[in-house]
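Visitor: I would like to learn how to read a protein model feature by feature. Please take me through one.

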Amino acid sequence: MASMVAHGQHHAGSLRALGHLLKASSKVTVLKAFNRAFMFRENVGEAPLSAIAADFSITEAEAGHLVEALVEVVKTAVYNSRVGEAMSLIDEDYSDIDARLRGLVEQVLTAQLPDWRDASVMSRPALPKLVEVDWRVDVKTASDQVLRMNVPSVLVDLKVQDQPTNTSEVPSVRSVDFELSKEALSTMLDGLGKIRDQLSGVAGAAKADGGYMNRARFYLHLARQVHLARRPRRPTAPAAMPEK
């Protein structure tokens, strides 16, 4: 099956610039170049070409080609979570690659991929986190609309924690309140039940493959929490009728 790539169209022969890695004075220099490629993978134009050129004793133009090749290899490995996908790309594009160079690239990718994956997950925009769900049944006994009197509804209060923006501060928690009629609640629970069943299947398949479904778990948790509204709960005391 063809590998998936998370970047632009690949140009044949573009990975031959990896040959400049053999000009490094040490493996540390090669490791630093790979980590720079990961850091500037989304903004290659900001990579420090002069420093990279000095490390490998090449021109800045050659350094630019090297960075582009490294970024392509790093993105392929990170996006597919497999070093083998990146090595297959190299073998296809750079079939006569030096055996020492190929071994060096594979060694660096194998050592760094777990850290790159963790860093990618941490930098990914996160959705607010559901902290708590509370609800109560409400029966209106006084209203300016006669048809709405003595009609039960459910008041739902969601406690939501916002995405963290500062490592030294605890994210704030805010409340999201809304009211649902019996009909609207039934429709919502039916929809969430279907979502729960689908996400359970997806999460189970991902677990079997050794993957992670953080967002799926979030929505599954939401479906399960709101589903608690099916349980009967004592209604609040009726409000007193206004005196005439």
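Guide: Start with burial. Of the 244 residues of the protein, 32% count as buried. Buried means under 20% relative accessible area, exposed means over 50%, and partly exposed lies in between, with a 1.4 Å probe and protein chains only. This is a predicted model: local features need pLDDT of at least 70, side-chain atom pairs count only at pLDDT 80 or more, and totals for chains, interfaces and linings use all residues. Residues are numbered from 1 along each chain as its sequence is written, and side-chain values use heavy atoms, with hydrogens and water left out.

Visitor: How many helices and strands are there in the protein?

Guide: Helices (H or I, at least four residues) and strands (E, at least two) are DSSP runs, numbered from the N terminus. Here there are seven helices and three strands. From the N terminus, the order is α-α-α-α-α-β-β-β-α-α.

Visitor: What share of the contacts joins residues 24 or more positions apart?

Guide: Contact means heavy atoms within 4.5 Å. Take the contacts with a separation of 6 or more: residues 24 or more positions apart account for 61% of them. For a pair of positions, look at aspartate 134 and aspartate 157. They are 23 residues apart along the chain, and their C-alpha atoms are separated by 5.1 Å. Aspartate 134 belongs to strand β1, residues 129-139. Its relative accessibility is 35%, so aspartate 134 counts as partly exposed.

Visitor: How do I check the length of a helix?

Guide: The expected span is 1.5 Å times one less than the number of residues. Helix α1 has 13 residues and should span 18 Å; its end C-alpha atoms are 18 Å apart, which agrees. Its buried residues are Thr29, Val30, Ala33, Phe34, Arg36, Ala37 and Phe38.

Visitor: Which residues have the most contacts inside the largest nonpolar core?

Guide: In soluble globular proteins, nonpolar side chains tend to be buried together. A nonpolar core is a set of buried Ala, Val, Leu, Ile, Met, Phe, Trp, Tyr and Cys residues joined through side-chain atoms within 4.5 Å. The largest one here has 40 residues, and Leu18, Leu21, Phe34, Ile90 and Leu109 have the most contacts inside it. Two or more residues come from each of α1 (27-39), α2, α3, α4 and α5 (99-123). Helix α3 gives the largest share, 10 residues.

Visitor: What is phenylalanine 34 in contact with, leaving aside its neighbours within four places in sequence?

Guide: Its partners are Leu21, Leu70, Val74, Val105, Val108, Leu109 and Trp116. There is also a second, separate core of 10 residues, with Leu158, Val160, Leu180 and Leu185 among them.

Visitor: How many salt bridges does a search of the whole structure find?

Guide: A salt bridge is a side-chain nitrogen of Lys or Arg within 4 Å of a carboxyl oxygen of Asp or Glu. The search finds 12. One of them joins arginine 82 to glutamate 85, with the closest N and O atoms 3.3 Å apart. Glutamate 85 has a relative accessible area of 15%, so it is buried. Another pairs arginine 136 with aspartate 138 at 3.7 Å, N to O. Arginine 136, at 39%, is partly exposed, whereas aspartate 138, at 16%, counts as buried. Shared partners also join Lys32, Arg36 and Asp55 into one network of salt bridges.

Visitor: What lies around aspartate 93, which has no salt bridge?

Guide: Charge comes first: Lys and Arg count as positive and Asp and Glu as negative, while His and the chain ends are not counted. Aspartate 93 sits in helix α4, residues 83-93. It is buried, and the nearest side chain of opposite charge, arginine 16, is 5.9 Å away. The side chain of aspartate 93 does reach the backbone nitrogen of leucine 15, at 3.0 Å.

Visitor: Where is serine 57, with its positive phi, and is it buried or exposed?

Guide: Read phi together with residue type. Serine 57 is not a glycine, yet its phi is about 55 degrees. It lies in the loop between α2 (49-56) and α3 (60-80). Serine 57 is exposed, at 66% relative accessible area. Serine 81 also has a positive phi, near 60 degrees. Serine 81 is in the loop between α3 and α4. With a relative accessible area of 38%, serine 81 is partly exposed.

How values were computed. A polar contact is a pair of N or O atoms within 3.5 Å; within protein, one must be able to donate a hydrogen and the other to accept it, and residues adjacent in sequence count only if both atoms are side-chain atoms.
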